[in-house]
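Please look over the sequence and the model first.

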Amino acid sequence: MKYALIVLVLATTFPARFASPQINWTKHTISDNFGGACSVHAQDINNDGLLDVIGAGWDINSIALWINNGGVPVSWTEQMIDTLFYGVSFVYAADIDGDEDTDVLASAWHGSELAWWENGGGNPIQWTKHSICAGFYNAHEITAADMDNDGDIDVLGAAALTDEIAWFKNDGLNPPGWTQHTISDSFDGARSLKATDIDGDGLLDVVGAALLANAVTWWHNNGDSTWTEYTLDSNFGMSHMVYSFDFDTDGDSDIVAVAYTSNDVAWWRNDGGSPVQFTKQTIDGSLLGALGVFAADINDDGNLDVLGTADITDDVVWYSNSGGSLISWTKQMIDGNCNGAWPVYAADLDNDGDIDALAAANASDAIYWYENGLIGISDNDGVWVGLNRLGATIIRGPIVLPRGTDFSILDISGRKVAHDEIGPGIYFIQNGGVICQKIVKIQ
């Protein structure tokens, strides 16, 4: 169940040991036979209100869809979208043709192609492939956004062999035709790209990661079909993946990336200015063989946390964002046995109100989702108002805890209290000795 967001400022401190709660994760297998799993994405493909999963299988040249059937735990129905897309490396989803259903996009490393599959509806869904660009050599990543503000969804791609970052204009026809526009053809070993408005001018800029250039770069959209390049880092060892999120909640787009050989997870704070200035902070310099990165609010505190994968140590981890003007990061393990961990994503897969993790084990051909064990407040009797930026769950009325489990309530000093002792104030929910949730009782 989703709740409205409210902002409540609290001038109260609390013990440091409560600042970054541990989360218990339950590992579930979506598929254990998806050869060379290297990309995952979650979106509601069949419009039933549940998030489905799409994946890329490099070794088996396949794009798959797993329909989310709901249930506890969630059950999945597999459907192959394409089994002849050679060396499929990345998948994404968007409504490409404007018909209000979700289509699938993918890049093919060996096939050197960008393509999309039209969602024709039905059960099972009928898919029609449309090529966007053939001869886009060693296509590694694909994404979609309206780059020219004309109301149509355009496509962007990174081609490693030709060092190219490009966008493809959607002409709005049915099916769309595409015109290629090169942003850069000298981005050595281009691997990753995302579209975001870096400078707040209403035009989408592009951020990218280049493996051979060891670079994280952004290109300013000048609005006249030209681009101005700014390199943020040219020593980010074998830079592999990049995203853009607002980590410091100041309303502008920051950048996060991972580097394979320097084992780095880092973010660049957008400090504004013209041109925009960035300040780099290393989140972790020891994620061995860092390949995947994503961001989501894992612990429901109003701050975006970071997820990462380590190909060498088979780790899927998350870093808790402390918030504030000087962010600190706390590393916590999700899974230490994801064999050849590569892609990572985050979404509420079980529709319970918290954010789960999604990852793939490239070396063992498996796709997993990790159920987030963050404990919320039942609203059967009490009223759950929402979350504030300090991470407190604001409640009015009684505090209702799940039955049949080892829950207790602690006050601000860490003392266990009974339900009949709870007046207005700040409390913490504990489950089996682990602090799970901060709450503020209003009345």
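In which loop does Pro 73 lie? Pro 73 sits in the loop between β4 (62-68) and β5 (76-82). Strands here are DSSP runs of E with at least two residues, numbered from the N terminus.

This is a predicted model, where local features need pLDDT of at least 70, side-chain atom pairs count only at pLDDT 80 or more, and totals for chains, interfaces and linings use all residues. Residues are numbered from 1 along each chain as its sequence is written, and side-chain values use heavy atoms, with hydrogens and water left out.

**Cis peptide bonds**

Most residues other than glycine have a negative phi, and most peptide bonds are trans. Val 72 and Pro 73 are joined by a cis peptide bond. A cis bond also links Asn 174 and Pro 175. Pro 175 is found in the loop between β12 (164-170) and β13 (178-184).

| Cis peptide bond | Omega |
|---|---|
| Val 72 and Pro 73 | about -5° |
| Asn 174 and Pro 175 | about 0° |

**Positive phi**

Asn 138 is not a glycine, yet its phi is positive, near 55°. Its place is in the loop between β9 (127-134) and β10 (139-145). Is Asn 138 buried or exposed? Asn 138 counts as buried, because its relative accessibility is 17%. Buried means under 20% relative accessible area, exposed over 50%, and partly exposed in between (1.4 Å probe, protein chains only).

Asp 300 has a positive phi of about 55°, although it is not a glycine. Asp 300 lies in the loop between β22 (290-296) and β23 (305-310). At 14% relative accessibility, Asp 300 counts as buried.

Note on methods:
Helix = DSSP H or I, 4+ residues; strand = E, 2+ residues; numbered from the N terminus.
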